[in-house]
Every structure is written in structure tokens, then in C-alpha cells.
Amino acid sequence: MLTVEANERLTRVGPGTPCGELMRRYWIPVAPFAQLLENPVRKVRVLGEDLVLYKDRRGGLGLIGDRCLHRLVDMQFGIPDECGLRCPYHGWLYDAEGVCIDRPMESTRDGFKAKLKAYPVQELGGLIFAYLGPLPAPVLPRWDLFVWPNAVRQIAINIIDCNWLQCQENTGDPTHSVWAHGHLFKYVLEREGNLAKRAASLDHTLHTRTKWGDGIKELFAKSTQFGFEKGISYAKELGAEVDHVRRHSTVIFPFYTQTGKTGSPRSELQIRVPMDDTHTYHICYQVYAAPHGVDAPHQDGVPWYEPPMFDDDGRPILDYVLAQDALVWVAQGAITDRSKELLGRTDLPIVLLRRQLDQQIARVEAGQDPMNVFRKDPGPMLHGSGIVPDGWTSPDWAKRQLFFSQGYRKMYHKGFASDDADRYGPALELVKELHRRIEEAELAMRGDTRPATVAPGAVVDV
Amino acid sequence: MLTVEANERLTRVGPGTPCGELMRRYWIPVAPFAQLLENPVRKVRVLGEDLVLYKDRRGGLGLIGDRCLHRLVDMQFGIPDECGLRCPYHGWLYDAEGVCIDRPMESTRDGFKAKLKAYPVQELGGLIFAYLGPLPAPVLPRWDLFVWPNAVRQIAINIIDCNWLQCQENTGDPTHSVWAHGHLFKYVLEREGNLAKRAASLDHTLHTRTKWGDGIKELFAKSTQFGFEKGISYAKELGAEVDHVRRHSTVIFPFYTQTGKTGSPRSELQIRVPMDDTHTYHICYQVYAAPHGVDAPHQDGVPWYEPPMFDDDGRPILDYVLAQDALVWVAQGAITDRSKELLGRTDLPIVLLRRQLDQQIARVEAGQDPMNVFRKDPGPMLHGSGIVPDGWTSPDWAKRQLFFSQGYRKMYHKGFASDDADRYGPALELVKELHRRIEEAELAMRGDTRPATVAPGAVVDV
Amino acid sequence: MLTVEANERLTRVGPGTPCGELMRRYWIPVAPFAQLLENPVRKVRVLGEDLVLYKDRRGGLGLIGDRCLHRLVDMQFGIPDECGLRCPYHGWLYDAEGVCIDRPMESTRDGFKAKLKAYPVQELGGLIFAYLGPLPAPVLPRWDLFVWPNAVRQIAINIIDCNWLQCQENTGDPTHSVWAHGHLFKYVLEREGNLAKRAASLDHTLHTRTKWGDGIKELFAKSTQFGFEKGISYAKELGAEVDHVRRHSTVIFPFYTQTGKTGSPRSELQIRVPMDDTHTYHICYQVYAAPHGVDAPHQDGVPWYEPPMFDDDGRPILDYVLAQDALVWVAQGAITDRSKELLGRTDLPIVLLRRQLDQQIARVEAGQDPMNVFRKDPGPMLHGSGIVPDGWTSPDWAKRQLFFSQGYRKMYHKGFASDDADRYGPALELVKELHRRIEEAELAMRGDTRPATVAPGAVVDV
């Protein structure tokens, strides 16, 4: 539970708000690059600001204010020029700094100093990132999933009709999987009459997730170098199969969460970009990597897609994981009133996630850089977990991965692809081909080894 | 004409408003039971409150506040359990009293006392009724149409975009039929080019209704045991065919009106449930009864439907009676400004209907029960008109009903089914079969009798 | 740039506003007559007032307040009677003066004096004009395009979601054609892959318009008898082909602009009727006249159409001239904030257009009639340009029109019909037939003359 004031502090993102100022210290993804190949000019709304993103005829990118200085025409209808974007009404031309560098039919430029606001942008891993804060801009960090080699990628985009923090809190909530992706999933398939078809196998994730509710000893959470680590410890005496610990997805401050290990056949960054106080630009950055000795199929650029959230009759589609998350986020209201909530022990990580957010806001208020703002280049590849991921890069990955035999790759063959947004993705066929190649290589290497079960005292990443 | 204040008093229905408090003394229909067979959880808006109605796996019904206590998730997306409804996010379970009886993954229930608001519900005649007022709840009255035996039923549901009182005043308005269901109907069919096809016969209701405007001597209205009686007296010297009286539909306080006699082959309760100040949940509860000696076709449960009000181009559909009423209700505005109206003699019953409503509000304000609040069981079947309907239960119903030979049942065979919402109903084929059986029995009983005309001095129910 | 107050003064049109009072001195077109043949009753919103326009069964027109006096029913659902319009609820009948001349079923009319507001209307050239101002109404001027003989006509109607002045300023803006109808048009066709197909010829208007941006010496503008004249003078030394002047479309105060010469094979009045502060009822009144000695195809009445502005996916259609204009109008915002604009030399005519508007508002404030309010009949045909158009009425029009050989008529044969709203018009086939007849006559008259080019020092109307 927060006070009304604290709730405002953590959720509002407009210019001058505490959280808005924090967010303005980061490079923020605003669009897949592939969208600019379809239409080189598009409206962007981020942190409560209306902007126009464009790619000019030389390939230069710009992100500028959305109203021409002349007669205030919306520049989303602008015409890309060799270098900059022109207003469609009288051709005034703006460069990437927002400077009006040409006013056709006007006499001279002498003394014309007005400019549009403009923000730096750059491309990384098929996403365009913008920086809306005070200059100089920090270095854009190359989180490993954006640059990991030998992989297939695709980008799922959704606009979620609620405040960003509801999405991000989901990440600090290890137990929601039991219900939102377990029991709810089962109920949805039951009502559709698809439970037997989709989840007959007892190792389907909906069944395993349901079991994660049994034998919980306690929740844990702590800050890490780049974000936040949390999970659940289980006790056999409380009903778990063995005493063990499950680590939940890796949180990278301020709005990322990573599921799946870097380098594995499926991993994903979920990015919760605040469009404004009540809308979130949600990105699933999906990476399907090939292990040592296997070649990922070739891909020209990173395609994007929008997983549908509603069917033709306007009813929510709920039989895949992202949609289940989106449902509960939006179902909390446009900005959920945290002064009315009633938290329990399972919300401990959420409490700490909010505290971390509050602390980083305070750093900005104190004139300091918050975490993950890099003034020097932190290197060619940053691991959000703080650990070099070597599981799948090892030459004998197949033997080392036995432990994960219930993970995505196995489940993929049992239909997991149809259990998340991936099923709508344009790269799905390439991903299937990748998995075929991995299986082939695995069979060649493995011999007669068999899948392991969870050992007492183990620490499992989920 | 009312003052602005009086208009507020009679129309607003939120908690704490005069009319809202009156309404909270009644059992209020909130959904057809059949809808819960399609989806056991649904959002309900009634008297300005957002609630969630559910049927759990044991068949128990509940109507509870719409926000989970934990993190405020909208419970309309909840999962029915054996006994109660679970939040889809973390599985908190609420029973029909709103008590949170399980918080999975939390340690214990010790000291957890918070509960959602919850209201009693019960099913009657295929409708679910809720009681939102102070406890103890009164007895749910069994108005005869809900329990009449040997009948086919169906329920038409529409959300009408205006205040409930505009719908209910229509009931206190015997003369609107002349225009809204007479001249307007004719004009609509003319414009469609369907007048000859649909209403060639001079005994089509649109023609008879048009004639009801001729020879009006005066309007009358008075309170009855359960509601309100009103109608028109006609004088031959003013242009009527004979001196006679026509009684208009039976009003049952606070929001029912009955057309057609109980026990007849077609009768209907129209129920105008205030959803909030500017929306009405409108129910046509349609009953098609078999007379003595005839068996109504069997029906499994009471089906529901939504009569369409607009065509695919968004234009109002106006060639059936309910749609004509709905048009004029909404066309008065969201809450019509009664301080600007100009009433005439034909509005006398409306004035008295408002007065009755005001008086019953005053009773509640004085701490008394208003009319039709039953603290003791009023018996297995209540007749809203106050009169036992015996016309069609008599063994020689066919002879007694000659008088009604121009009524609905005859007109039904001439296409009246296509003149009202019935034409869209899922039970239409059963109703046609019922009418076929009635006709067969009637022919066997009647011999050579012929239809009567209206006798001078007669009192006719319409 | 205007102050915020000046912007309000020129844009707001409700009752009692400065510009609204000015507008109330004019006959204002509110609907094509042809729409009343489809449905004789329709809602009209003009100058912020909601009204109902009807044609009764005797053909009489009326424009009255939209709420029945009795119970405030929206009269757009009314029933036309022999003489007047009846409310659909209880049949109250209103004549064209708004007087309630019949209250069926009420006793008498004695003492019933209430009336609806009502405005005079009349038909001219297939349009219905209304006068909302103080009586007596002035004479409805017969601008030549409304009454020109021997012509085909059609009326394009659009509701534009912005203030009327943005549309009208477009008319005082000779340079926008270079971009909005030149470069933007080209870019749109390029993106569609239709540039080669649609505009391969270098004399396609998009190419000629693009060139009009070269060699501009200065803009000019001045008031005329009926409105406003403006254009561009070009200098060879600045890059134009020759020194010359191009006069832009003829402005007729307060909200008309004429493109194409009266009597020519294509001319058009664009009429920007203020519906309210943020919506414009936009009319393209299109006239295709036959020259001397040619018969225009026969037409029964003037048909109307609505050129589509969006495709089935909701994306703007931009490959025709009217849609390009509409895009930039709306893209300036609902009411553009002129206190933030940055005008240049090319905006000189706009500045004068605003000044003229302001001056005419001041005349009304001073109790005087503004321009184009006629208290005496100004004659059977008024030429908005102030000049009798004789180009095409001359017996040797073909030789005289050589100069215009790059104009619309020629371009029409090269596909210009598909470059503007005309392509959607119901009279398109008649227009094509007219052009075929003109070409036939021209070929017979011309002999071996060849098209001229622009002569140095020429004044060209565009």
C-alpha cells in the first residue's frame, strides 16, 4: 500500500514529474526499425510527449516535435527529404536537431532562429531508441539480447491501456504465474473446449506453473548490479517436492525484464515504455539463439508484429501468456489506486521493486545519475543478470542442458510456441527451423543421457 | 413540468439519492439466468454500482464488488471455483457474502477481515434478481408472468441510452400508441416500401392504433393495489365509433409494466432497470401461455436475445414496436429536462405516475417501506392487476375470447410476430407451434360463432 | 500571428460571438436538396445550433429547433405532414415558422402560444440555404455558378473536423499548391507505386504545381467588390520561365472560393460552412459548363456525394486534391493556435484575408451590413470575380481558349478527373460525355492552331 502521493510519484511520467525525470535519464525504445521501412514517418508518444519519428531519404533518423513552426501542421504527415523532414503544407524542412533548414518560397533564412524540439535517436538490435533528457546523453547500453550473435529475432508490439508500473510490477511478482498463467490459462482452455488438445501432457507449462503455488516457504528479493533479483524458496515440509529455490525473471532497471537465459533457444526482454500516464508501449523483444556448433537461419532485419488481444467480437483472447498478463494489468484500472490495495507476503518483491524505483528517483532529484546510466562505454555486450551466460555456448551444451529438459525448447516441440505471443510472429517458421537444427545436433551429442529432475537444494531459473 | 430539483429527485439512482434509495428497497432483475450458462461471470451495472455476477461450480450465485481487495483487479475476469469466485491474478477467493475465504500462497487467514461488498441474489422465472438495499431483504414477489404454468417464454434485453424514467413514463402514456406505434409505424413502412406487404389488412395494429386517437373524451389514471391503472374514455359524439373505455397496460410499481393479459397467448412484462442515471437495462419478459386443454411446447430454460436497434449502416430500425418506443425514449435526451416540457391533458397519467413515484420516495425518506415491498410471503403467485386472470383458463375459453378476435392472437397469424421484438426471439418457432395448437383447439370448440365488435359502454384492455 | 483574443474573435461562431454574428448576416447552405429526396427530414448543425430541416408532403421546406415543445423529443425523427413536421411521439405539428399548429388529442389550441425557433430557407441551384440572422432577411444572391445555364452539376459534401477558418485560409494561400498538391501528391503516388501510372506526363498538374514554387517575386492580395483577389508574381531573374503573374482562386466573402472560370468545362465553388467551432460543413459545388454551340447532357436535379477521406483500414486517402487540402486543415488542430504560428512573406494574403474578416465583423458590431449582404435584388446572376465571364460563351471559344490548353479540360482527358474528388461523383459519366462533345466541337473549329505557352508579362488565372 502506498499513499496517494507516493502512487503519483512512482507512476506519473510527464515532463517535470519525479518519475518522468527519472525516465528521461534513459535511452527509451520508441519503435521497431522495421516500421520505418513500411512508412518512414510516424507519430510517437513517449513520456507524455507527442513527437514525430522519421527516416529521411539518406537513411538519417530524427525525432522532432510534432507541429510545424509555420502554421502548426502535424508533422506525422510530413514528407521525408534527403536530409530531414518537410511539412506537407508549405515544405518547411527540419533536420534531426529540429532546426528549420529550409523555408521554400520564403526570401531568406536570415535571422530565422526558431527550432522544433528534437531528441537524439539511434538504432540497436532492430529497435530505435530515443533520449529525452538533459544533454549530454549517456551511452546506449548494449544489453546482451540486443546484440547476441547467431540468433533469430522478432519484436512484438502492443499498446497497453494502463500505467507502465502495473506492467513492471508484474515482473516483481513471482507468484502471479501460478494463477494468471496456470489456473486462469486452464480455465480459459476449459471454456474453449481446448484443454485436452492444448494441455494434455502433464509437463505443459500450465500444469507446472500451477504446481509452483505449492510449498512456498518465502519470497525473496534484492537489488543487483543492474536491477533486481527475486524468487521463491520452497520447503518440502510445506508441500513442495523438494526444498529448492526458483529464481524469477531478471529485472533490468528501469523497465526491462528478461525471461529465458541469454543464448538459449528462447529468451525475451519485455520492455514497458511509458507512453503517458495511462498507456504503455509494450515490447516483447524475442531472441531465439543457436547453441555452439549450430547455425541459426538467416534473417534480413528484425521483423515486428502486433499480437492480437481481442477477437473479432471484441472479446479478450486469453489463451496465451502475454495476453494473460495484459489482461490483469489493464484490469487493475488506468492507474491503479495503490492506497486501496491490501498486500500480502507474496508481494514482498513488489514492495522492494517500488522502493528501488523510489530510490533512483531520489538520486535524480539529488542531481545524481541513477543506476544503468552509463557515462562511459560499458563494453560491447552487457549481461543484465550480471553473469556471463555460458550454458549454451559450451561445446557440450547438450549434456549441460539436460537439466533444462522441461524448459522452453522441449516445450516448444510440445506446443509452447502456441502458448505465447510467438505464435503470431512473422519469424515463427525460422524459429521452428532453428529448433529442428538444435534437436538434430542434440541427438547426435547426447547418447543415452536422460533428463534430470530438480535436485534438493537446487536453484532454478524460471 | 417539474422543477429542476424535482426532476433530479425522480431520476437519479446512485447511492444516497432519493430515487436510488427507493429503488434499493426492491429486488431488481440484473441478468437472464441463461447468460450465466454462456459465461458464468459477468459485469453488472445497476443503480450506478459496478458489480460482478457469477455462478460458481456448485451452481451458487453471487453478486459482489468488482475489484479484488488485493491489487484491485476487475473481478469480471475472475475464475469460478467450487464455492465462490477467484481473482485471475493471484487466486484470492470470494464467497457470495464478499468474504475473502482463501488467499493462496499467503501464510494464514489470521486477522484478515476485509471483505467486498456483496448483495443477495436469487433466480425466478429465468431472471436473476438482486437486492441492493438495507437488510433484511424483503420477499421476492412472484408476479404471475414469472411463474405462470404451461407457457413458452423468452427474454429480450436491451441497454437503452437514457434515464429509466423516460422509459417508465411511456407506460403512463396511453396516447403515444396512436403516433409512435400508429402513424410513425405507417410512415416507416411507407418509406421502406413495405406498407402494402406488412399492413394491407385494415385490422393491422397500426391502423387500429391510429384510430385510437379519435373521439377521446378524457384520460384517466389512478393508483391500484400494486401500481397504477390508466386509460382513455371515448365519446361517440367526439368521433369514436361508440362510447367506451380503453384501459392501457398494467403498471406494477416501481418499474414494471404488463401488456397482454396473464394467461393469454402473448403477454409481456417490460422492466426498466436503472443501470445508472443515463442508461436503462430494458427487459421484455415475454410469456406465451397455452389455454385450458392445450399443451405449450416444452422448453429447457428461458432463452434470451437482444433485439437489434440499428441496421448495419447505423440507422435506427423502426419497423417494430419496441424499437419505436426506444427511439422516442432516447430522443428525449440522456435525462430529459422536465423543467422545459409543456404537458397537455393527455399527460394526466404521467403526472400521476410521477406523483406516485414521489410519494413512495417520501415513504422511504420517512423510514417506511414503499408499496410492493413484502415483509411476509404474499403467496405463490401475485397478479399485478390485482385481478385473477381467468379468461384463458376457463374450459370454454374459445367462446369467451371471441371478443378478442382482433387481438394479438389473431394478428399473430397475420404477421404480428414480425411487428414486435418477438421476431428476433430464439423461441419464435415454439411460439408459432403453440399458436397452431391453440387454433386447432379453438376451431374444434367454436362451431359457427363469429367475432364480436366493441359494444357501447365496454371496457377494453389494450 | 494573432493574439489569443483575436483568434477567438475570428473563429468562434456560436450565437453572440463576433464571427457568429457576422455569419448570421448571410444565407448559408445547409444541405443539398437531393438529400431531402432520400429522406425528407434531417438534422442540421450550423453556427453551433442544432436544427431540423424538413420537406413536407406539399414540398414546403422548414428549418426548426430540434426539440418538440411537448416532451423534448428530437425532431430529426419527425414525420412530414401535408404542411409541416410532426413529432413522432404524440404528433404535435410544427409549421415552417416553428408554430405548433396541431396538438392531436389535446382539447383545443386556445392560448397555446409557444413556438420553436425557426429560420427561413430557400433552394438555389440544388442547395438549400438558411438564414439565421435578424429579420428582415436579405436577398439570397445568385452567384453565377448556382445559375449558369447549359451545365452539368454535382455537389460533394464532407464534414471536416476543424474550425472553418483553417479551410478558408487555405484559399488565401496561393503557395500551398506547390507542396500540398505538388510535392505531397508526388510523394503519395510514389509510396503507392502509382507515380508512373498516374503522373508520367510532365504536364500533369502535380508537376506544373511543383514548378509554381520557382521564381516567386512576391505575393499580392487585395479586396475586391465581392471578396478578395490574390496571387503570385514571378520573375525570370529569380528562376521563373518568364516574368508573369498567377492569380489564385476567386474569394467571395464570407466563405466561398471559386476555382476555374465560370462557364468553363470545370469550375467549382468551395464553401466552408461553420457547423460549430470545431467542425466545418464543406461543400464542393462543381459545375461543368458547355461552351457556345455545345449542349450539356441533361440532368434531373443536382446529385450529391461524399468523397471518402479514409480507406477501409482508417488510413487517409491522399491521392486527390480535396483530400490533400482536408489533411492539412485538420492537421493544424481543431482550432489552430494562431498565437504560436510563424508567418512568412508567402502568408501575406492570409494576413489580409483575416483583416478583411475582422473589418466585416466590426461593421456588424457597428450596426452596419457587412459586404455581400444585399438588401435589394442584385440581379439574376452575380459574378463573384466582378467580371462577366465571356471566354467560353464566345462563338469562337475554341481559338480563344488555346491559351488554356494545359488547363483542366485537357488534363481531364489525361486523367485529371481521377486527381480530384470528381472521380467519386455520381455525375462523372455525364461530365465525360460533355467533354467528349466539347472536344468534338473544338476539333471542328480549330483547324491547325497549336497550344500557346505563357507569354512574358501574362496574367494567368489558376
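In chain C, helix 5 and helix 10 cross in a right-handed way, meaning that the near helix is turned clockwise from the far one by less than a right angle. This is a predicted model, in which local features need pLDDT of at least 70, side-chain atom pairs count only at pLDDT 80 or more, and totals for chains, interfaces and linings use all residues. Residues are numbered from 1 along each chain as its sequence is written, chains are lettered from A and ligands numbered from 1 in the order written, and side-chain values use heavy atoms, without hydrogens and water.

**Two helices in chain C**
- Helix 5 (residues 164-171) of chain C packs against helix 10 (residues 348-365) of chain C at about 125°, with axes 9 Å apart.
- From helix 5, C:Trp164, C:Leu165, C:Gln168 and C:Glu169 meet C:Ile350, C:Leu353, C:Arg354 and C:Leu357 of helix 10 (contact means heavy atoms within 4.5 Å).

**How chains A and B are related**

**Where chains A and B touch**
- Chain B gives 29 residues to the contact and chain A gives 34 residues.
- Together, chain B and chain A bury about 2400 Å², 58% of it on carbon and sulfur atoms (accessible area, with a 1.4 Å probe, lost on being put together, summed over both).

Definitions and conventions: Axes are lines fitted to C-alpha atoms, for helices over the stretch in contact, and angles run from 0 to 180 degrees between N-to-C directions. Helices (H or I, at least four residues) and strands (E, at least two) are DSSP runs, numbered from the N terminus. Buried area is the accessible area (1.4 Å probe) that two parts lose on being put together, summed over both.
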